[in-house]
Amino acid sequence: MEREKIRSRLLKILDLAPPIKEILLSEAPLDDKRQSIRHFLEDMLRRTLEDDPVVPPLECIQVRDAIRVFESILSRRSERLAGYSLLRYLNDLLHRSDYHGLERPSPGFLAEMEHLMRGVMGKTGIYQEKMPAFPKYEGRRAAKLRSADLSRMMRAAEKFMALYACGLDEDVIRRRSRNKVRILDYFKATELEWDDWRWQTKHIIRNADTLAAMVELTEDEYRAIKLARENRIPFGITPYYLSLFDRKPGGGRDTAVRAQVLPSMHYVTKMMALREGSEHSMDFMLERDTSPIEGITRRYPSIVILKPILTCPQICVYCQRNWEIEDVYSANAALGQEKLDRALNWIEETPEIHEVLVTGGDPLLLSDDRIENLLYRLSKIPHVERIRIGTRTPVTLPQRITDTLVRDINHFHHPGKREVIIITHFEHPYEITPQALEAVQKFRRYGMEVYNQLVYTFYNSRKFEAAFLRHKLRLIGVTPYYTFNTKGKEETDEYRVPISRLLQEQHEEARLLPGTVRTDEIVFNVPRLGKNYLRARQHHDVISILPDGCRVFEFHPWEKKLELVDTYVYTDVSVYDYVRRLRSVGEDPADYRTIWYYY
């Protein structure tokens, strides 16, 4: 019964592509089927590119992309890299008399096959509206119709963006003012103390009971924090950032804020297991293979990462370096002076290095004197022309951005000779507050640029959510710089988003914003290899679709035209599961219907 049900469902999907169905149902050897499907795809592509009237306008692009993906999946090289043959799996599902030992196809797999067949045959159905009227006219008449069409498009975008709260909204400011009073009462502190970053760092909230005394936690949140602390998994929230929480959970406004700092039970239990086993997932970026000396990471010819400290005033759950981040108050967090000296000497002895990213951890957790001394040492290296400071303090601890600190940093910013820039992490418009705005403006008044790196997670991936963030960032003087695909780390599975969603967001949502706002590049930081630019199709390929509905990608190294470097095979998040999860939080899957056709 189960076999017949699965087979019947698959046959119904293949009805979308009768020639492929006929080939798969034949008794021909598997390799003959491979060749026959290839011949069909080649013919279909040729007819499509020759303006086949059977394929509606623009569907030809979907046909071209889907055929290229299917051809990639059919290659023996792809099968070797993926360790699995989609063609053989389909053949087994259709021809085996029983499924003993055969993994059952998930709903996600069947959904992927349906959309792949629709793409190949030009039947995606994503163009449901009539052609706009303006191409039928010329001159002023065409311009007015086109303008009306653009206004309609933007009104639809703004309708989505209006769903999200921003920390600059008047009602949010008032609510957070009350939060601050409640937190100050708990600590028996004054407004003056609140504005002192040292007071903030001395009162970082590090346990569930303290947190629960000031905001309401769900039972799962409370249990996860307790378990994290019992197992020495770093956890900490600044009093300031806690004031950004809504007092009660479940309202939807602060979901992304909570998700960044409150570990889930899944995260905590996975971290516990991974610490006891292999370090592979923990050091996802394989920094151990790109660190020529302690405190230094180098993946590119002219820039290095310098890590003088391995903790932050606030711990992000999905931190890339969670495998080495120390507890907030750890005595071992800062790189010892001897090791720091060796790292700086290494930079000085490597004249090919022209840019240094000072990160960690958060280097602005260091004292003013130590920061100034570090920048002084770097500024004395003749070939260092740019210093980036990677810090989340404008978001999590804006009190740290004092006038004195900014002046100290600015001493080393000499236009025409050496540039100092700030790289920060705003992850949601709910984090953009008057205090964060002022912290950014202090750097801007001294001529230093502030850039943002967004980590694209489930919690900020709803329709036009990232677009709204970009819009608000530009208004406070922050330039969107990178949007990172969430790392494929086991412990942060709940945060991951399919690559197709990043592509969809860039092409359909960010594209509606002015060029001055959509300045970020979507990238996947590939282990050992570095950044892969997802927008460029030539940098990656879909090489398989697994029975669980996950796509398998092969990512190309950035230097592939320069040197012989190996590629990286990555299993993505199921698109089907992602869309179902969106539905569970109130989203309409129809708003995301094109996600299947981004590769």
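Analyst: A crossing is left-handed if the near helix is turned anticlockwise from the far one by less than a right angle, and right-handed if clockwise. The crossing of α13 and α16 is left-handed. The model is predicted: local features need pLDDT of at least 70, side-chain atom pairs need 80 or more, and totals for chains, interfaces and linings use all residues. Numbering starts from 1 along each chain as its sequence is written, and side-chain values use heavy atoms, without hydrogens or water.

User: Why are α13 and α16 called roughly parallel to each other?

Analyst: Helix α13 covers residues 219–230 and helix α16 covers residues 265–276; they pack at an angle of about 20°. Angles under 35 degrees count as roughly parallel (over 145 roughly antiparallel, 65 to 115 roughly perpendicular, the rest oblique). α13 and α16 are therefore roughly parallel to each other. Their axes, lines fitted to C-alpha atoms over the stretch in contact, are 8 Å apart.

User: Which residues make the contact of α13 and α16?

Analyst: From α13 come D220, R223, A224, L227 and A228. From α16 come M265, V268, T269 and M272. Contact means heavy atoms within 4.5 Å.

User: What makes up the contact of α13 with α16 by class?

Analyst: Six residues are nonpolar, one is polar and two are charged. Asp, Glu, Lys and Arg count as charged, so D220 and R223 are the charged pair. Ala, Val, Leu, Ile, Met, Phe, Trp, Tyr, Cys and Pro count as nonpolar, and the others, Gly among them, as polar.

User: What makes the largest pocket a pocket?

Analyst: A pocket is an open set of points on a 1 Å grid, with protein on both sides within 12 Å along at least five of seven lines. About 1700 Å³ of space lies in the largest pocket. Its lining has 38 residues, and nearest its centre lie I126, Y127, E508, T594 and Y598. α4 (59–74), α8 (139–161) and α23 (499–508) each give two or more residues to that lining. The largest share, eight residues, comes from α8. By class, the lining of the largest pocket has 19 nonpolar, four polar and 15 charged residues.

User: What is the volume of the second largest pocket, and which residues are closest to its centre?

Analyst: The second largest pocket has a volume of about 900 Å³. Of its 43 lining residues, Q320, R321, T359, H425 and Q453 are closest to the centre. Strands giving at least two residues are β2 (303–306), β4 (386–390), β6 (450–456), β7 (479–485) and β9 (530–533). β7 gives the most, with four residues. The lining of the second largest pocket divides into 19 nonpolar, 15 polar and nine charged.

User: How many cavities does a search of the whole structure find?

Analyst: Six cavities of 30 Å³ or more. In a cavity, a 1.4 Å probe fits but cannot get out. About 110 Å³ lies in the largest cavity. The largest cavity has 14 lining residues, with P234, Y267, I315, C316 and V317 nearest its centre. Twelve of its lining residues are nonpolar, two are polar and none is charged.

User: Which residues line the second largest cavity?

Analyst: V69, E112, H115, L116, V542, I545, R551, W596 and Y599 line the second largest cavity, where about 50 Å³ of space lies. α7 gives the most, with three. Six residues of this lining are nonpolar, one is polar and two are charged.

Technical notes: On a 1 Å grid over the protein atoms alone, a cavity is a set of points where a 1.4 Å probe fits but cannot get out, and a pocket is an open set with protein on both sides within 12 Å along at least five of seven lines; lining residues have an atom within 4 Å of a point. Grid points are joined across faces, edges and corners, and a volume is the space filled by probe spheres set on the points. Axes are lines fitted to C-alpha atoms, for helices over the stretch in contact, and angles run from 0 to 180 degrees between N-to-C directions.
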